[in-house]
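Please find below a short note on selected side chains and their surroundings. The structure itself is shown first.

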Amino acid sequence: MSPVFPTVREVLALDPVRHGAPRLVAGEAGLDRPVRWVHVAEVPDIATLLRGGELVLTTGIGLPGEDAGLRAFIGDLAGVGVSGLVVELGRRYHTGVPRVMAAAAERHGLPLVELRRATPFVRVTEAVHALIVDAQLTELRAAEEIHQRFTELSVEGADPGEVVRQAAELSGCPVVLENLSRQVLAYDPARENAELLLDRWEQHSRRIQPVGRTVYDPDSGWLVTMVGARGEDWGRLLLRWPGGGEWNSARDAVTGPVSPPNRLTILVERAASTLALGRLIRRDAEGLERQIHRTLLTALLDRSRPVDEVALRARGLGLVLERRHLVGVVVRHRADDPESASTGTGDGDDPGPARLRDLAEAVGQAVREANLTGLTSAVDDQAVGALLALPDPAAEERALASFAAALRRNRPESRSSDSATTRAAGAGKGTEPARAVGGGKSAEPGRGAGGLIIAAGSGVSSLREAGRSLIEARQVAEAARNDRRDLPIFRLPHVGLAGLLHLLRDEPRLQTFVERELGALLAYDARHPREHLLGTLRAYLEQGRNKSAAAVAAHLSRPAFYERLARIGRILDVDLDSVDACLSLHVALLALDAIRTS
């Protein structure tokens, strides 16, 4: 029965009842039973007219005179589930109710109250019914606010976290959104301890198995509703109501469990509908689990959330990040990968988001196939990150090798290339079949990864340092975009000087060094774009200061090349035959490339 109704204890505290000098004779255990209505009766067979939850008022003038009749009267009232019996003394009973009546009421747990002064019953009924009507009006107002709040959230396209937060705010109760695997997608502890709320969540949640779409589980105290639409459920929304989950005086064999107010049932169902609608609207976007992964990875990268919160939310997803060896991994396409420029669907759509989603799915699948655990998600428009949680540092190299091997098996390009090869092979009979990428030969250097760069940061032992490992992995991946080597995993030592400069590309002192070394030449090229002297200097330095080879590389005659070198020397005021001067210029060129590709 809904707690929108006042309890027997609350009724006894009303002024019209206190005027009658009430005294509890029996059934103290039932004082917290809700009172649905007040009924005045003076006949012994009144039980047949009741439905349960009534507080019966009587003077006792019509009650049986024998003990057996009184026992039967009390038994019938308890059997239909009345909330209590109030007897006014003075007309039938003068000093107190019969002992047999009190004993029967105590045995049934039925509150039995004496009024030792004459009391107008009409004042009691008016006071109680006013409480009930006021409470019902409060419920209606709450239902209207719930409807308005969640309608606004639906129109605004609020994310699941906001929907859950609003549900917790409106109810004042903890709310949890989980998927069908009992992983927490969003939660709000409503000022309770989040650690305790989510402790061993999966095991706790699996014990909550109510039958029905929206059901209250009295044993656990959780109100549960399914979340989904069009016959496809994808999660559950749970609200813990503080009035349940334990046996008390209002919950016994007669009245049964005390259910949450109707407004809470309305609230969880409206919240679930809002979540389902949002899911339909975002059906082409990332899954909720992946959104949570991205939120947590982003929080580690930019330190936008406390580390303890990241650990707690990850634990809700079934991922333990504390006391683990953590390794940041970033996967991206190579700079010269033809697929990076276009994936050619022919309809003019931008293939970037879909391709990044495919890469994110492949990375997630690789983590699962390698029997690893961790967060995986896109970290920007070009790269997918993963934070691997390993049992100890000794497992790092083996885990990274397993991940890289699984990713190469699952990379999106391998599937699309295989499909293209199959289609081309059957394209025409009697003609030479079209070859797969690479012309049937072994892949060119650097292509063994299917156009992917897999970079890993340094392993760390604390979640507070995980952001550093992820940032290092992302910087190594960016620095290695033009690297032609076919390495399974790129680490910081692999990217050399170019990688170091890439890591330092946002450092003002490095940018000042580039301007000091090359600024005059860059300004000259800006005024004379057809000459492009920077390209001439690059060819000269990349050919080891071999002027003849550099002239060939620059597609210039030797005299023309020599003349350009002389002009570069005058513009920069340097001796291009000096090893130290050329080394400084070469470093500045590499730094300029790193800055321009950031």
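1. Basis. This is a predicted model, in which local features need pLDDT of at least 70, side-chain atom pairs count only at pLDDT 80 or more, and totals for chains, interfaces and linings use all residues. Residues are numbered from 1 along each chain as its sequence is written, and side-chain values use heavy atoms, with hydrogens and water left out.

2. Arg236. This residue lies in strand β10 (residues 232-240); strands (E, at least two residues) and helices (H or I, at least four) are DSSP runs, numbered from the N terminus.

3. Salt bridges. A salt bridge is a side-chain nitrogen of Lys or Arg within 4 Å of a carboxyl oxygen of Asp or Glu. Arg240 belongs to strand β10 and Glu192 to the loop between β7 (184-188) and α7 (194-198), so the pair ties together parts 48 residues apart in sequence.

4. A buried pair. Arg491 and Glu396 also form a salt bridge, at 2.7 Å, N to O. Arg491 is buried at 16% relative accessible area, and Glu396 is buried at 10%.

5. Helix α4. Just after α4, Gly109 adopts a positive phi of about 70°.

Key:
Buried means under 20% relative accessible area, exposed over 50%, partly exposed in between (1.4 Å probe, protein chains only).
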